[in-house]
Amino acid sequence: MIEKENFWNESRNDSNKSPLMGANVALSQSLTKSFFLQSWIGEEYSTTPTSQDKKQTAQSSANQTSKFQPEKLVTPGWGGESLNSKEALRTKKIIQELWIDAEIKLSSFKELNPSLKQSLFNNFISFAQVNNISAIELNGPLQFWAHFTNHNSPYRKELNNFIKIHSFRSVALYIYKIRFLLKLAPLPKQELREKIVLAPNALFSHFFPKGSNSEISCASFKINEYSWYGPSSELSKKILKDLPNLEKISLQEIVKLCTYRPSKQLIDRKQMFCESEFSHSLSHKSFGSFLKLLLGQFPSWIETEKKEHFNSFYKDISHHTKHCKFNGDYLSSFSQSHWLGESDALKNSSTSKIFEEDIIFPEFEGQSFNEGEFTKLIQEIQFLTFLVDKYQHLKNNTESDSVHLKIEKGLIQFLASIFNLKNHQRNQDKDEQFSLFPGLKQNFQFDYVILNISKLPKNNQHHHLLLQVLSQSDSLKENGFLFLFTTQQFFVPSKSEKIDQLLKQFKVEAIFDFDELKGKGEISPFLYVLKKRKEKPDSQDLINLQDGQNKNKEACLRFKWTGTLHSFSLFGQVVKELDHFFRIKTPLTPIYQNEGQSNITFSFHQDAIIDGKLLQSSTNTNRVTHPLFFKNLTKNCYSFDYFFNFETVDPTNENNMIARDNFIGLINKNLRVEELYPYIFIVGHEDIEQIYLEIIPSSSFKAKLNQLGHAFYQYFGLRPKIPHLNINLFREYFRTEIGKQIAEFSLNGGPTKTKGKLKGLMIPIFFAANTKLNEDFLASNPYLLFSGKNILSLHPDELTKNILRLKNFNLVAHQDCLSDFLGRLCQFKASFNEALEQMTDVSEFSNFNNPLFIDKLKKIKTFSLFPENPDIFIKFMVASKLELNLTVNSVIKRSNEFSHYLELLNNESVLCQIYSDESMLYFISFLMKFTMNRPLNTILQTMKIPRVQDLLKILSEKQEIKSKLTESKNSLEQFISQIIIQQISS
């Protein structure tokens, strides 16, 4: 309702000149100066005239009769809405005369009823607070009226300013009433025309009689602090002549006309009140369409509810009405954009679409004099006016006479049924709020609250923001939505504890990030959508503690725009893109990105909140949320359901593991998991900070189920859609850092709706390729097929060289077989893991044939096992010396409570027992592999072993082998991750 430009002032010096003539001169000068607006706005956005521009300029100068093209001289998308029509200019003159008349009447008032006197005094106190007027002598009603009627009062200037503002507002309310009555009864009879002008309140009572079923309880048409004004008889005649003009003016024009602006000659910026809190962007039609989209589509979209068709609208309208409170900064601008958005949606929507939309009951609750009671009264009349437009639109576009009964009953009944429902719901809500203290007033609770906090104090800004959010809790219904526009980031790491406390009352459903969208004007860089939680019983908190869930993790959606709005009308593209997204995508969509016109990029992804902190970060270029990587991710990945058919497995049903809620489980009631699915996919949420993903063979399902349980883990049967899929690729992908990130934002928010989220899990496209590597490559790289024991038999330096050779593999030239190559790498890495597991202790490290180990053995002295070896004790089990020549064909290591020993056997007969340190026994057992099937005495005399202490020293240095193996495995792991990231980001 406010405009920064000086609407009331016209140039008196040029009063004799025609405005059209001045406009033509300006346009002609623009043409002769080669001024083409399309060279600096729109997609080209260039300040340098092109050769084509110069050519057109020359042709325009040479040919004066060329056709005038005004579209080259205006901003694209602008329809001239801010220009004043001739009807608005005539109405403006009437309002100026009414204003002067109202000032004279208010200044001359001496005898007023007590209620009006009190309301004027209260209004002045609000005015004084806003303008920092310190007037102790005016703090009481009696003192105020004494100075009000005293022309020599020392506060005359302040009082005159107040009179000027209050009288203007009274005129503005009067104009709004007339405009509504004209829309209600177009082209009325002369008698009604006079009543509209002389007594709008009485005519309102005529259309909506008190006590009837069409009565409307409208505060704007009742006695209030601005209802005292009525025009004089002379002015009434002028208004009667100009009634058609008032009926034709647009919403933008009526807002301008009824917005207070003092003339330049009277402005005293330190003392004179001026409604300067206005935003061109926040009052724009495009921003209004954005608000309409938020209120009309987002709540039902986020809850994935299917709205019932609006054919039942007039049968039970209460299910399709929502109360919304607007609060905070720039309230008047928000009110204008709201009605512009509603009006634009009404004009551009089909009738069927209108029937599917909820009716929003807006209430604008400003706290200051600028946007207080006056704003509420004006918006109440505007709501009625909008309902008239909605009725006419529905009636003109409704083909069936039998569907919408109340339209046929007439406009009056239509208005009464909707407006009274608003008041009825408010009263009903108050009645349902039982209070132990009857005198305590209960607050009405809204379905939606829009809170704009753009002006923050210099200190404790975040604390101020949280207090503002908490202050809205009582006025919001359970499961109601709070749309918080703010310049302050909500999630600040140092304030996570306070945020976590607030999140016990609210759930953050979504974040709209405009921070990197330039040219957005006063639109706040952040919009947080919070949903009020239902109150939980105390027992529920005890259950959560018993379950050990000390941390809290919830899903959150993030919408982000980047780019530059070269003109604010381009913000309409933001709205269209968001509307398109709501129609084609669901809240379970993992990621989405689209680069629209004028290089404005829209992106969407899942996020999560853990203990008051956002999980995702965009500082690392390899993070999923980084814009460069995000864009390529959407192009180079397919969803999980492209690769697999999957169904939920019921782990609690021992006889039949197939879930009953899927098709396969219903038609194959007697089949088990192993018979239906080759693989099982496990999703675990036990670790709140990291989602557990694993693919196992279905034969291992029972063992894994016994190990993990089903409290925090969900199981899905997998059947590949694509032949010859390498499952190892998927296993390794979910172990990589990038795979964990993608899984995190795809499956976050706890175990709910996991199956739906799993469908959208992003998998690199190249995993679907199944072209095999040629035999020559495999022959030249045989180590790719090595097992863990083979790995331990290689020198670590040789492994390092082989991995370097693999890194030189030409990925571009072998793009078609990249999937097979990566699968081989994954198998090679698995062999490293197997080798490292064998080195966890001496008993598992049975392969002493590693070149590095042998090199160390060659440098130490060795001794025979027999006859004299202080580290060895041999207990012979033979009956005669001749049996010492028996062949040893097996060796068994045994242990008792006292010692460890080896048994050397001939078939099943024990020839001897060798006692020593356990490490030495493993080493002897390793050497026996090379001396098997030889006589016992030959083995005992020819086998050379080191001292136990020397062997233990070598074994203690096996960490060198382990560290080099670990280094090689990590290098291979990084190479695998690098290939995946490169393929996604290419």
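1. Let's start with the lining of the largest cavity: it consists of Thr91, Ile94, Ile175, Ile178, Ile239, Asp242, Leu243 and Leu246. A cavity here is a set of points, on a 1 Å grid over the protein atoms alone, where a 1.4 Å probe fits but cannot get out, and lining residues have an atom within 4 Å of a point. Keep in mind that this is a predicted model, where local features need pLDDT of at least 70 and side-chain atom pairs count only at pLDDT 80 or more, while totals for chains, interfaces and linings use all residues. Residue numbers start from 1 along each chain as its sequence is written, and side-chain values use heavy atoms, with hydrogens and water left out.

2. How much space lies in the largest cavity? About 60 Å³. The volume is the space filled by probe spheres set on the grid points, which are joined across faces, edges and corners. The count comes to 7 cavities of 30 Å³ or more.

3. Which helices supply at least two residues each to that lining? Look at α3 (86-108), α6 (156-184) and α10 (243-248). Helices (H or I, at least four residues) and strands (E, at least two) are DSSP runs, numbered from the N terminus. By class, the lining of the largest cavity has 6 nonpolar, 1 polar and 1 charged. Nonpolar covers Ala, Val, Leu, Ile, Met, Phe, Trp, Tyr, Cys and Pro, charged covers Asp, Glu, Lys and Arg, and the others, Gly among them, are polar.

4. Now for α3 against α6: their axes come within 8 Å and cross at roughly 125°. Axes are lines fitted to C-alpha atoms, for helices over the stretch in contact, and angles run from 0 to 180 degrees between N-to-C directions. That angle makes α3 oblique to α6; under 35 degrees counts as roughly parallel, over 145 as roughly antiparallel, 65 to 115 as roughly perpendicular and the rest as oblique. The crossing of α3 and α6 is right-handed, meaning that the near helix is turned clockwise from the far one by less than a right angle.

5. Who touches whom there? On the α3 side, the contact (heavy atoms within 4.5 Å) includes Trp99, Ala102 and Leu106, while Phe168, Val171 and Tyr174 are among the α6 residues. This contact of α3 with α6 divides into 10 nonpolar, 3 polar and 2 charged residues.

6. Helix α6 has another partner, α4 (residues 114-130), with axes that come within 11 Å and cross at roughly 110°. That makes α4 roughly perpendicular to α6, in a right-handed crossing. From α4, Leu120, Asn123, Phe124 and Phe127 meet α6 residues including Leu159, Phe162 and Ile165.

7. Next, find α7 (residues 190-198) and α9 (residues 233-241), which pack at an angle of about 125° with their axes 10 Å apart. That makes α7 oblique to α9, and their crossing is right-handed. Gln190, Arg193, Glu194, Val197 and Leu198 in α7 meet Ser236, Ile239 and Leu240 in α9.

8. Two backbone spots deserve a look. The peptide bond from Phe866 to Pro867 is cis, with omega near 15°, and Pro867 is found in the loop between β17 (862-864) and β18 (873-876). Asn460 is not a glycine, yet has a positive phi of about 50°; you'll find Asn460 in the loop between β3 (446-453) and α19 (461-471).

How values were computed
1 Å grid on protein atoms, 1.4 Å probe; cavity = no way out; pocket = protein on both sides within 12 Å on 5 of 7 lines; lining within 4 Å.
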